[in-house]
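The following paragraphs lead the reader through a structure, beginning with the individual chains and ending with the contact between them. Please keep the sequence and the model in view while reading.

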Amino acid sequence: MTDEAAVNSVPHGEILMALVQAVHDGGAEAMAVARRAVRVAVGDAAFVDTCATIASFSAVVKIADGAGIPLEDYKEEATRDLRAELSIDDFQS
Amino acid sequence: MTKIEVAGEMLPMRESLAREVEVGWNRLTSPGTWWSGAERLAIAAEARHAKTCKLCQQRKAALSPYTVPGEHDSTSDLPPAAIEAIHRIVTDAGRITEHWILSLIEGGEMPALEETKYVEIIGIIAVLTGLDKLHQGLGLAPRDLPAPIAGEPSRQRPLGAKRNLAYVATLAPEDVGPEDPNPYPLHGDKNIHRGVSLVPQEVFNFFDLDVELYLKDHEIRDFEHDFRAISHAQIELIAGRTSALNGCYY
């Protein structure tokens, strides 16, 4: 499944992704537009939970990278083929 | 549901999320395990300031960030190794190496930073990032840092902690001693829960907030129920894209 197909397979995926991108980029105007679109599409409670999820995954990376934790075995197994295809393990620090 | 005011409009927020946001702020200002409340707030202020640090911007743009020398733009009188740690975790966490962490905690170019203090810095930055990003997403200005709460750090290092999982020492569930705070029964014991377990209170501090921002461990794969106003699929799509943008592949 392509990235675009994955986004489109989730209800309002494109609108949610626009907010994620806008919050990451930090532009005030883009964030305002994206916030309004999410609130219109999914409602205010869902907008708040969307922001909470963005906050969670912006934060947890600090623990993962700051402490240098490895993938669990089950995750490593599940991603073995993909990692081999990308040769991503060559970039371990 | 409770209500929060954003730009003159009242938005609904789960009471449990609103509560843990307040708990998170209170813990940031309180004495920690290795840093005082004033020091924890200085770390938080330094973390916010790091985003405009010119040296960090040069390192972020560099192919080899560890070859770019210079001094950080700093707002605090924290030890140099603490400032280096804060700035790197905030601005370029995805390229942190074990060698860099060891150079901080063993000393060399600058006086050593205790490993426990480094790990507590991670926890403080993680909580602050969660709180600030929530505000940013909602459209609220960053909350002013409050006054510190007086008191001494508890300074209790888990005796069973070992460096055998991550770049820093961690406390395995089977090594938790009777004197150690034990976050694993409540939050789970996956590697991410063990990341800052050298300072067990920091596991509570982060995950008490995070399970309300995201989901409790047992809710993540419970696809029979939706626990939020957005669906599991929507949550995981947001999570995946946010992680990718932050360069997190854990």
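This is a predicted model: local features need pLDDT of at least 70, side-chain atom pairs count only at pLDDT 80 or more; totals for chains, interfaces and linings use all residues.

The radius of gyration is taken here over C-alpha atoms, and the rule for a globule is 2.2 Å times the number of residues to the power 0.38. By that rule, a compact globule of 250 residues would have a radius of gyration near 18 Å, and chain B, with 18 Å, agrees.

Residues are numbered from 1 along each chain as its sequence is written, while chains are lettered from A and ligands numbered from 1 in the order in which they are written. The pLDDT is the predictor's confidence in each residue, from 0 to 100; chain B averages 95, and 99% of its residues score at least 70. For the model, ipTM is 0.95 and pTM is 0.93.

Helices (H or I, at least four residues) and strands (E, at least two) are DSSP runs, numbered from the N terminus. Chain A has six helices and zero strands, and its C-alpha atoms fill a box of roughly 45 × 30 × 20 Å along the principal axes. Chain B has ten helices and two strands, and reads β-β-α-α-α-α-α-α-α-α-α-α along the sequence. The corresponding box for the C-alpha atoms of chain B is roughly 50 × 45 × 40 Å.

Two strands pair if DSSP finds at least two bridges between them; strand 1 (residues 2-6) and strand 2 (residues 9-13) of chain B are joined by five bridges and run antiparallel. One such bridge links B:Ile4 to its partner B:Leu11 in strand 2. Two residues lie between the strands of this hairpin, in which B:Ala7 takes a positive phi near 50 degrees.

Burial is judged by counting other C-beta atoms, placed from the backbone, within 10 Å of a residue's own: 20 or more make it buried, 12 or fewer exposed, and values in between partly exposed. Buried residues make up 38% of the 93 residues in chain A and 43% of the 250 residues in chain B. B:Glu219, in the loop between helix 9 (200-213) and helix 10 (232-245) of chain B, counts as partly exposed because it has 16 C-beta neighbours inside 10 Å.

A nonpolar core is a set of buried Ala, Val, Leu, Ile, Met, Phe, Trp, Tyr and Cys residues joined through C-beta atoms within 7 Å. The largest one has 89 residues, and A:Ala67, B:Ile86, B:Ile121 and B:Ile125 have the most contacts inside it. Helix 4 of chain A gives the most to this core, 14 residues.

Two residues are in contact if their C-beta atoms, placed from the backbone, lie within 7 Å. Among the residues that A:Ala67 touches are B:Val119, B:Ile122 and B:Tyr167. Overall, the contact takes 41 residues from chain A and 53 residues from chain B. On the side of chain A that touches chain B, helix 2 (13-25), helix 3 (28-42) and helix 4 (44-67) of chain A each give two or more residues, and the largest share, 23 residues, comes from helix 4 of chain A.

Definitions and conventions. Lists of a residue's contacts leave out its neighbours within four places in sequence.
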